[in-house]
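This report covers selected side-chain contacts, backbone angles and helix packing. Please view the model first.

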Amino acid sequence: MLVSQRIIAKSSIQFGTSGARGLATDFTNNVCAAFTVAFVASLENKTPIKQVALAIDNRPSSPDMAHACAAVLLQQGIEPIYYGVVPTPALAYVAMQQAIPAIMITGSHIPFDRNGLKFYRPDGEITKADEQAILGAQVAFSPVKELPTLQVNETAAKQYIERYTRLFSDSVLQGKRIGIYEHSSAGRDLYRVIFEACGAEVVSLGRSDEFVPIDTEAVSDEDKARAVEWSRDHQLDFIFSTDGDGDRPLLADEQGTWLRGDTLCALCAQDLGIKAIAMPVSCNTMIDGLTGFKQVKRTKIGSPYVIEALSELSQDATSVAGFEANGGFLLGSDVQLNGQTLKALPTRDAVLPAIMVMASTVGKLADRVGALPTRYTASDRLKEVDKSISQVLIEEGIESPQSLLAKFDMASSTVSGVDTTDGLRLTLGNGDIVHLRPSGNAPELRCYTESDEAAKSEALVGKVLAAIKRIYSI
C-alpha cells in the first residue's frame, strides 16, 4: 500500500496561485492518485463523498492524468463522472449544481511540458487552508497500474452554454462580427454556440492541433499582431479568446487591441451593478476610483485569496465579485440580469466578462475604454528564472528600494511607497509603479508596471526585465 502524504512529499508537485502544478512527467499515476485520495479525505470529515467530477484541457498529458484520478476513485468506491474537454468554469459550475467535488486536470497557461490539478469543493474552489489539508492527509491506497475506460458526459458543456444563452435574447449581439481565436482552448467548441445563439456572426481563427500555452497577462507580440490583422481582414467588432483551460479571457476591440484583463473585468462589474469587489494588488489602481463600487479589497495574487476576500465582502454587500489582472472573473453572489438570476460562480470565468461587455457596449469598445481614467498597466515575464534569484532580488528591494532602482538604471527616480503584499511593489515619486513577483506555478519572474501613458508602462516593463537579465545573466 502507498500513503498519499509520502507520495506527494517525494514528488516535485507544488501548489501555486491556483492548483497543484509541475512537470507533466512528474504527474505519474500514483502522484495523481495520491492528490486525489488526499483531496477526498480533506472533504470526508464533513460529508461522505460518493461522486467526483473530472474534466481536462487539451494538453496531451491530461487524459492519462484524468484516468489515473478515476482509477483511484473507483478503488475507493467513488464514482468518477468524466466530462471530457471543457473549460474549468464549466466543470466547476456543473459540480456546484450537483453539490459534488471536482478535479480539473489543467496546466492553464503554463508551459507545454507542465500540467496541474485544480480542486473544487461542492461549494466552489478550494482555499489555501484546504491545500494544507490535502498536503497533510495520510490516506492509504493501492498502486495504480491499469487505467479505466471513461465515457464522456456532455452535461457540463450543455449547462455552461445554457448558463449564458438563457440570460440574453437571440438578438443581443445581432450585427456584431466576433472572431474567436480558438488555438487549443478547452472551450473552443462552446464559444461559437454561445455567441451565435445571441445573434453574432462568428469567425473561427487560429485553431491548433498542438497545445498553445496562451498567457493572458503576457500576450505575445505575435498574437498582438495577429489580432490587428484579423480585425482588419475580417472587419471584426471583437476578438475573443482564452487561456488553455478557458478561465481567463482575452477580448480585443474593433482595432484588434487586446484589453487588459482587469480593465475588461472592471467594465463587466459595472455592467452587472456589482457593489463590492475583491482583486489582487497587481490590478490597475484606476479601478479604485470608478463609480459604483462601495468596497474595493486588495489581496495577494491567486484566485484562492480573492475567494477568501469574497466571503468577507459578502457579509456587507448585496452583490459581490472578484477578478484578477489576468481577466478571470469570479461571481461571488447571485445577481439579477434581464429579469433572471445568474447564479454565483466563485471561480475564474472567461465568458461572463466578455459577453457582458460585448452586449453592453454601444458604439465602439475602444471609445468606452478610452473614457476610463488614464492609468495603464503592462506586464511581462522572464522564463527559466530560479526562485532563489527572484527571492534575492525582492529581498534586496525591500531592504533598499532606492539601490534596486539604481541597478535598473533608474537612480533619478524616488520611491514613495513599498508594498510587500505579494512580491515587491514600488510606487515611484512620479506615480509610476513597478511590481516584481515570482510565479507560483513555474520558474518565472513576472513584472507588472503602471503609468499614466501606455507607452511608458510598456517601456518600464522592458527596462526592468532587461536590467534583471543583464545583472543575473539570465
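## Terms and basis

A polar contact is a pair of N or O atoms within 3.5 Å; within protein, one must be able to donate a hydrogen and the other to accept it, and residues adjacent in sequence count only if both atoms are side-chain atoms. The model is predicted: local features need pLDDT of at least 70, side-chain atom pairs count only at pLDDT 80 or more, and totals for chains, interfaces and linings use all residues. Residues are numbered from 1 along each chain as its sequence is written, and side-chain values use heavy atoms, with hydrogens and water left out.

## Arginine 177

Arginine 177 sits in strand β10. Strands here are DSSP runs of E, at least two residues long; helices are runs of H or I, at least four, and both are numbered from the N terminus. At 23% relative accessibility, arginine 177 is partly exposed. That class lies between buried (under 20% relative accessible area) and exposed (over 50%), with a 1.4 Å probe and protein chains only.

The side chain of arginine 177 reaches two backbone oxygens. The one of histidine 234 is at 2.8 Å. The one of glutamine 235 lies 3.4 Å from a polar atom of the arginine 177 side chain. Contact, meaning heavy atoms within 4.5 Å, takes in a wider set. Leaving out residues up to four places away in sequence, arginine 177 touches Glu201, Val203, His234, Gln235, Leu236, Asp237 and Phe238. Alanine 140 is 37 residues from arginine 177 in sequence, and their C-alpha atoms are 54 Å apart.

## Histidine 435

Histidine 435 belongs to strand β24, residues 433–438. It is buried, because its relative accessibility is 0%. Its side chain reaches the backbone oxygen of aspartate 422 at 2.6 Å. A polar contact of 3.4 Å also links the side chains of histidine 435 and arginine 425.

Which residues does histidine 435 contact, leaving aside its neighbours within four places in sequence? They are Val281, Ser282, Ile301, Asp422, Leu424, Arg425, Arg446, Cys447 and Tyr448.

## Positive phi angles

Most residues other than glycine have a negative phi. Two residues here depart from that pattern. Serine 108 has a positive phi of about 55 degrees. It lies in the loop between β6 (102–105) and β7 (114–121). Its relative accessible area is 0%, so serine 108 is buried.

Histidine 183 has a positive phi of about 35 degrees. Histidine 183 is in strand β10, residues 177–183. Histidine 183 is buried too, at 0% relative accessible area.

## Helices α9 and α11

Helix α9 (residues 261–272) and helix α11 (residues 351–360) have axes that come within 9 Å and cross at roughly 65 degrees. That makes α9 roughly perpendicular to α11. Axes are lines fitted to C-alpha atoms, for helices over the stretch in contact, and angles run from 0 to 180 degrees between N-to-C directions. Angles under 35 degrees count as roughly parallel, over 145 as roughly antiparallel, 65 to 115 as roughly perpendicular and the rest as oblique. The crossing is left-handed: the near helix is turned anticlockwise from the far one by less than a right angle, where clockwise would be right-handed.

From α9, Leu264, Cys265, Leu267, Cys268, Asp271 and Leu272 meet Leu352, Pro353, Ala354, Met356, Val357 and Ser360 of α11. These residues divide into ten nonpolar, one polar and one charged. Nonpolar covers Ala, Val, Leu, Ile, Met, Phe, Trp, Tyr, Cys and Pro; charged covers Asp, Glu, Lys and Arg; the others, Gly among them, are polar. Helix α11 is mostly covered, with eight of its ten residues buried.

## Helices α2 and α3

Helix α2 (residues 29–44) packs on helix α3 (residues 62–75) at about 50 degrees, with axes 8 Å apart. That makes α2 oblique to α3. The crossing is right-handed. Asn29, Cys32, Ala33, Thr36, Val37 and Val40 of α2 make the contact with Asp64, Met65, Ala68, Cys69, Val72 and Leu73 of α3. The contact residues split into nine nonpolar, two polar and one charged.

## Lysine 128

Lysine 128 is in helix α5, residues 128–136. Lysine 128 counts as buried, with a relative accessible area of 19%. Not counting residues up to four places away in sequence, lysine 128 touches Gly16, Thr17, Pro304, Tyr305 and Glu308.
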